[in-house]
Amino acid sequence: MEQPKNFAREQRELLRLNREAARPKGAYYLLFAMIVLTVIYIVDEITSNVNTSMQPYALFELFGITSRNVNTPEYTNAINTVAPWQVASNLFLIITPFYKALSDKYGRRLFLMINTVGMGVGMLIVMTSRSIVQYILGMLFMMFFTPNDMQVLYIMETAPKEKRATYSFIAKGIALISVSLIGVLSRIFLREDVPTSWRMVYLIPVVVAIAVGLISFFLMRETPVFVEQRRGFLSLTPEERRIKAAEDQKNGTAEQGGVFRALKFIFKNRQLRWILIAGFLFFATTFYTSYYSTVLEGAMATAMVSIVLIIYPLVNGVVTIVSGFFSDRLGRKKACLILGGLALLGLLAFVLACRLNWGPVAAGIAYGCSIGGLWSMSDTLILTMPAESSPSGMRASVMGTISVMIGAGMFIGQALFIVLQNFVSMDILFLAICVPFMAASLVLLMTKVKETRDVDLDSITADTYK
């Protein structure tokens, strides 16, 4: 019988995976894994938020805006320079699913390490930037690694099926609460009379990201779902692989994943297709998270802004943790309805707090509620529901591919914002753009997408949601 290509390498890999499957995990492995993954989640969330929090101060220095006033034409021009690159970064992310799909073949652990170290390197580039070009390059570097969320896939494939959302949202909630450290670091290092002081806010996150990324490679084990899926594929004979390939072609799926197979599967599968459309519309509302600090800087003093930066992550984290229990108890769809409403009401309260001088505590609580609802719904649409709608062999490929396609919806909101912010106040634009797109997304989600709570990840096929 003809041997498959790379037969010797595949046999070595199969032996390694067999040993991995036979190794006892111990009674406390799940707890240990969740601690490590939560630390990595903290790194991810700080990386995702630190640039936005430091944006005004970085632009003040790099563009030489000595007035340090966000309501000047100089600052508007700076935003007009940086914002298009934030939009263009979505095009850069086209290669993200190709990168993420590699974990379907080479394993989750390696890419967990690469992703975490990559975020640290991106922050280091921004921290040391001496020109707007280097700043933008660092920003793009960070935005390449943060959407991959390998720690989420780890949790999804390690936690008990009835607790997947609970574990995931608890980890994220703790990570979001830890984002308040950006506010603490701002209070310690940020000085209005020292234009370069914003750089020191990045120092500790850079060190922690690179260190925990390297350490994770030696502490974490492969997810049981990946080990079983990969062992099953490598154990097939050439004839069995040919038969399975024919079935995969017919069903639009594949055990080895891949971006183009994932694309075909997403558009052929009714469930994933409607998740994509609802998520695409939803992501048009996420643009305001890139500009909230500018609204705050225009409404209150820098010292007050630092208080907001401490308060909102705490509220955000609490909302996120609670949303995990809602998701597992009420289902993904009902949870999204609640979270979407919270996002819009919180945004309205944030705008009013800034306009009516309600103070940093009210602004922080309102913004924390808003993004807590926003990003919890985002995780459900872009991570949880696609993962619970995809076969194991191509789960990472589908998640990586659909996240980029959904994320492209940000183009709509960003494009409208960049044009209209020259004529209309930023905070008013937040509401004018977010309300219609969020409403449309929720209507499609509630009417076109099937519930995925409690699905057995190992048993999902192309026909599960037909």
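A: Buried means under 20% relative accessible area, exposed over 50%, and partly exposed in between, with a 1.4 Å probe and protein chains only. This is a predicted model: local features need pLDDT of at least 70, side-chain atom pairs count only at pLDDT 80 or more, and totals for chains, interfaces and linings use all residues. Residues are numbered from 1 along each chain as its sequence is written, and side-chain values use heavy atoms, with hydrogens and water left out.

Q: Is Cys354 buried or exposed?
A: Cys354 counts as buried, because its relative accessibility is 7%.

Q: How many disulfides are there?
A: The structure has 0 disulfides, a disulfide being a pair of cysteine sulfur atoms within 2.5 Å. For Cys336, the nearest cysteine sulfur belongs to Cys434, 16 Å away. For Cys354, the nearest is that of Cys369, at 14 Å.

Q: Why does Cys336 count as buried?
A: Because its relative accessibility is 0%.

Q: Pockets now. How much space lies in the second largest pocket?
A: About 330 Å³. A pocket is an open set of points on a 1 Å grid over the protein atoms alone, where a 1.4 Å probe fits, with protein on both sides within 12 Å along at least five of seven lines; lining residues have an atom within 4 Å of a point. The volume is the space filled by probe spheres set on the points, which are joined across faces, edges and corners.

Q: Which residues are closest to its centre?
A: Of the 17 lining residues, Asn71, Thr294, Val295, Ser425 and Met426.

Q: Which element gives the largest share of the lining?
A: H16, with 4 residues.

Methods:
Helices (H or I, at least four residues) and strands (E, at least two) are DSSP runs, numbered from the N terminus.
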